Amino acid sequence: MLEAKSFELFPEAASTIAGHVDAFYAFMVLVSAFFSLLIAFLVVFFAYKFRHKPGEKVVYPPYDEHSLSGMLLEVVWTGIPLGLSMIMFVWGVSIYFTEARPPADSMEIYVTGKQWMWKIQHMEGAREINELHIPVNRNVKLTMTSEDVIHDFFVPAFRTKADVLPGRYTTEWFRATKVGSYHIFCAEYCGTKHSGMIGTVTVMSEADFNAWLGAGSGEGSMAEQGQSLFNQLGCGNCHASTLNNQNGRCPNLVGLFGAQVDLKDGKKVKADESYIRESVLYPQSKIVAGYDDIMPTFKGLITEDGMLKLIEYIRSLGPKNGVINSATPLPVQSGDGSNVAGKPVPMKVPGAPPSAAAR
Ligand code: CUA
């Protein structure tokens, strides 16, 4: 809850990972405290026990590097710290791996950071600023990018954070365990109002969340908005996006998302968010095998929010969701040789910037 507490060392623990992070942290604090106290005690104790007494002459024992007791001492003082630090390493890595790998059944939500606010889009169309509504006991995956500088999406109650970078997508996931409101912070200094780049996660029961989501934005789902952007930008002129409307000049987008793509240079790449983004903005950087470098760049013609909608549209074309959306008919392809692969036809380069609706 957001109201001020009298005194607390830790934020509330409200995600499945929070207990693991706290236990790990407690272990490290206890180990550090134990050795700090032990060393401090020994410093004082030895200083007293081996202090110089009046009339005493300092005598050093003969030096023997092979003495058994000396070797044992070294093995012990090397072995114990090694063991303890390896426990910390393995434990820490296992938590890191858990946090770094969103479960496959996660609900997808998109986050765009910008100086100095968080813009959040739900697949169903709902949009919010500096607020994130999620259902309790569901895995939630955030796909995040920035419009300007580096930000960092941090929810202390979930014990997870991730940098939000311009020009690429990072992810963060959590499973909230308690209904309530929790702080969002930006955890990367990003300019004058960095400290004001805050928000609230509202964790709701499944029923409340569905009611909230149902209120909606009236703009249609993200995929639908992505589809109209796709048509506005003229992508469909070339990328036939329904199976029976294949156009030879450009790769088909149906079933693309998450699939392996063979490239002209013999490499393979997974068609994820970053690949799609790169292909829209820098189409020449990865050419699909069997196709020519004829696509113009859409850099400057599409916002980060718009890009996320386009990605969501391409995701909706399968194979993950599997539903081919053919509600909006695509421009009809000409029936002549322009459909034959290897015979590039001059592209219509979109000259006009997208209308306000596309932003
Ligand atoms: Cu955004 Cu600090």
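Which residue stands opposite Gly-180 in β10? In this predicted model, Val-203 of β10 stands opposite Gly-180, where strands pair if DSSP finds at least two bridges between them. Residues are numbered from 1 along each chain as its sequence is written. Because the model is predicted, local features need pLDDT of at least 70, side-chain atom pairs count only at pLDDT 80 or more, and totals for chains, interfaces and linings use all residues, while side-chain values use heavy atoms, with hydrogens and water left out. Helices (H or I, at least four residues) and strands (E, at least two) are DSSP runs, numbered from the N terminus.

Strand β5 (residues 139-146) pairs with β8 in the antiparallel sense, over six bridges, and Leu-142 has Glu-172 in β8 as its bridge partner.

Turning to the helices, α1 (residues 18-49) has 32 residues and reaches 46 Å from its first C-alpha to its last. This is close to the 46 Å expected at 1.5 Å a residue, the expected span being 1.5 Å times one less than the number of residues. Its buried residues (under 20% relative accessible area; exposed is over 50%, partly exposed in between; 1.4 Å probe, protein chains only) are Ala-18, Phe-24 and Val-31. These buried residues of α1 pack against α2 (68-100).

Gly-214, by contrast, lies in α3 (residues 206-215) and counts as exposed because its relative accessibility is 62%. Its C-alpha atom is separated by 8.7 Å from that of Glu-124, 90 residues apart along the chain.

Finally, residues of α5 that meet α6 (heavy atoms within 4.5 Å) are Glu-273, Ile-276, Arg-277, Val-280 and Leu-281. Their counterparts in α6 are Glu-304, Met-307, Ile-311, Ile-314 and Arg-315.
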